[in-house]
Structures are given as structure tokens and as C-alpha cells.
Amino acid sequence: MKIFFRIFLWIIGVFTILSVSLSLLLLIPSVQQVVVNKATNFVSTKTNMKSSISSVHIAFPKTIKIGGIFIEDRQQDTLLYCKEISINAALLPLINRKVQVDYIKISGLKAHILQAEDSTYNFAPLLDAFATDKNSTNNPSAKPWLIELVELDLLDIRADYVSRIDSGFYKLNLGKLGILAKSIDVASNKFDLNKINIENTSISMKMGNKPPGPQSPSNPITIPLDLGLDELNIENFHFDMKSYRGDFDLVADLKKANLLPSKINLPQFNIGLKELQADGIIVALKLLPGDSSVQSLKTQGIDTVKQTATQHTFGDFDWQFSIQKAAISNTSYTMDLNQNPRQTKGMDYEHMELSDISFTADSLFFNQDSSGFLARTFNIKDISGPEVKHISGNFFMDNTHISGDNIRMQTPKSKIEGSINLGYPALLQIGNNVDLLEIE
């Protein structure tokens, strides 16, 4: 037993000395530069794409900083550039095929994604070069790599995507994304997160200047991701989207939001929130005449619309959302449905400008069949003068009727109490078939 114990200690000592020696060697700048040159030459040779790294700094025992990462696509355009990646990871667990990362910070990353006319992407050579060879014989008994991550920070991330198929353009400016994790199992797609913070972020979408060609039928989208999240915080978020025809323009800004999820089931498209708080929402929508789907709908008969529209109230929408408590404040909304000037008197329902919107509600839900909520308070004011001081009640809507129970509505000079039920043959046909509307 003594001999066995001494041999065991000797083996552990040898591995410890080798690990420390390797770490100490990597602290030498000349050794680091050799490793960097070997890595970049390997990537460049394997992908036929120019790549470089300007600096690597390894601080014992587990801090690694990589600066100036650059990859050029085969058209000599920048595919990716990253100012700095800082990793705080333990080295010894690598022996057991385990990547244990306490902290990762990625800052100053810029990416340019291009989809060519033949549907290929400019980053495809990277995927092809490092894809697993289907003909290779992997050891089935080999232990899989485990990746653990505790904290991730993304700072000043900018990415754009251009599609030459339909001339679409998409742009992301991410000021800061912070993720604090409980446990992450990349191999099993399981992510149990404590908190996500998003700050100073904008997303822009331009849907191209020409319609895409005929698309082949695609399989239903699946999201095989097991995600758990306790809290999501968003500050200073901007979103804008334009259509390629110029008949659609949506701009939305959010000052601050806090979400407390209760259930996230992405494979079944089901999301539930315990609480939602949002402040400072500004939305502007321009929807000009000429939408082909609306025009085709007007040419259909009422029987055809009833048959098709009752299948999906809000279109082919598989998601289910539910919120136990919601509070929205300091919100405004403008809408323009044509290019004519706004009416000088009275409400103009094609040029609405609503402000001072606040809303509190319980038990909200939204799915492809129906939606509803229990309103506690609701305030809204139009620029032309009409104002609602308070609305409360239990509201429900599906494709054939809208109902409201225990309604209380108050304006500066009037008050209404009671219930209401509206029946119609199909939700999308209310405007075209008002004579078929039933009111109780």
C-alpha cells in the first residue's frame, strides 16, 4: 500500500509539474507568438481565408487575453474582427475534456455576413473546414467534452447581414449583453441562467428592394433548446423595420423593461411570465395602401374567409404567451395608414397619435386561437382631444367574437358600466361586412 501510494503521488506530481511548466512556458511572449502563428497559419491553410491575431497574453494560472482577431473572407472583405477576448478559465480540467470558464468578455467585435445569389454564405469555408468528417471513425467510448460557463459579457458588438437574394439588410448594434449563468451544458443544449442584462442596443431590418424568388416548402421551425431564466432586464432598446416596397415602416423604442419568466418551453413555443414591467415605449407605424395580402382578402367571398380565417385567428402562429401581471407606463403610439394630411377636426382613424398610455393587467394570454386579459387600469389620450381616464374589465377575443365583462370606462365627462359582446363571421371581415356584426 505504501508503494502504491507513493506511485500515485508521483504520477499526480508529474502531471502537476507538466501543467505548471506548460503554463509557465506560455507566459513567455516568444512562445505565445509561436503558438499564435501556428494557429493562424493552420486556419488560413485549411480555409484559404486570411486570418491573424495581433496579441496573446496568458497570466498564470487561468487568465487568457487575445487581441486583434481578424478573419478575411475569400472576396478580401472583413468577415470578422474582434478587439479583445478575455477568458478566465481553469487549465487543469482540460485533461478530463472539460472546459471550465468562470468569465468571458468579448469587446469590440464586428462581423459582416453575406449571402450570395446562390444562397451560400461567406463564412461557409470555416464550417466546411472544421466540420466532422462523416467517413471518419470516431471512438464511441470517448468521453464527450463538457463546457461550463458562469458569466459572459459582450461589449460593443456590431454585426450586419446582407442577402443578395432579395437585397435585404439587417444590422445589430449591441452595446452590452451580460449573462449570469447557474449551469450550462452545451452538449445537451441546456442553459439554466440567472440573469440577462441588455443595454444600449438597436436592431434595424430592411426587407430588401425586390421580392424573393419562389421558395421551396420548408420544414417547421424547431428550437431544441432547454432554457431556464430567472430575470431579463432591458434598457435603451431600439428597433426599426422597413419593407422592400416602401409601404411599411415600424419604429419602436424602449427605455426600460423587466421580465420575470415563469416558464420557457422553446420546443413547444410556450413562454410564460410572472411579471412584466415596461416604461417609456414609443411606437410609430406607417402602413400605406398596396399590401397584396389585404387586397387579395377583399376579393374573397365571406364564406371562403369564414372557412380559412377561423382556423387561425392571428395567422399561422404557433407561439403561446401568458403573463400573470403586467404594468406598462409612459407609452405613446402613432399610426399613419395613408399619405393624406391629417384631418384638422375630430379623430382621424387613419392618422392616430396616442399619448399618456398606461396599463396594468392580470392574466394576459395570447395564442393562435384567442387572447384575453383582466384589465385593472388603462389610460390613453388622442392628440385630437378624446381621453380615457380609466378602463377595467375582463376581456376576451377569438376569431368570431369579442367579449367584455364587468367593464368600467370613464372619460373626463362620462362613465360607462356593463358588459359587451361583439359577434362577427371572421375577424378580418369586420370592416368589409359591418352589416353582419352582432352587438349585445
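Q: On a 1 Å grid over the protein atoms alone, a pocket is an open set of points where a 1.4 Å probe fits, with protein on both sides within 12 Å along at least five of seven lines, and lining residues have an atom within 4 Å of a point. Which residues lie nearest the centre of the largest pocket?

A: This is a predicted model, in which local features need pLDDT of at least 70 and side-chain atom pairs pLDDT 80 or more, while totals for chains, interfaces and linings use all residues. Residues are numbered from 1 along each chain as its sequence is written, and side-chain values use heavy atoms, without hydrogens and water. The largest pocket has a lining of 17 residues. Those nearest its centre are Leu-276, Ala-278, Ile-281, Val-283 and Ile-328.

Q: Which strand gives the largest share of the lining of the largest pocket?

A: Strands here are DSSP runs of at least two residues, numbered from the N terminus. At least two lining residues come from each of E8 (226-242), E9 (248-265), E10, E11 (320-336), E12 (351-366) and E13 (370-382). The largest share, five residues, belongs to E9.

Q: How many residues separate Phe-359 and Phe-373 in sequence?

A: Rings of Phe, Tyr and Trp (its six-membered ring) pair if their centres lie within 6.5 Å, and planes under 30 degrees apart count as stacked, over 60 as edge-to-face and the rest as tilted. Nine aromatic pairs are counted, and the pair of Phe-359 and Phe-373 is edge-to-face, at 5.6 Å centre to centre with 80° between the planes. Phe-359 lies in E12 and Phe-373 in E13, so the pair ties together parts whose separation in sequence is 14 residues.

Q: Is Phe-269 buried or exposed?

A: Most residues other than glycine have a negative phi. Phe-269 has a positive phi, near 55°, and is placed in the loop between E9 and E10. Because its relative accessibility is 16%, Phe-269 counts as buried.

How values were computed. Helix = DSSP H or I, 4+ residues; strand = E, 2+ residues; numbered from the N terminus. Buried < 20%, exposed > 50% of the residue type's maximum accessible area, 1.4 Å probe, protein only.
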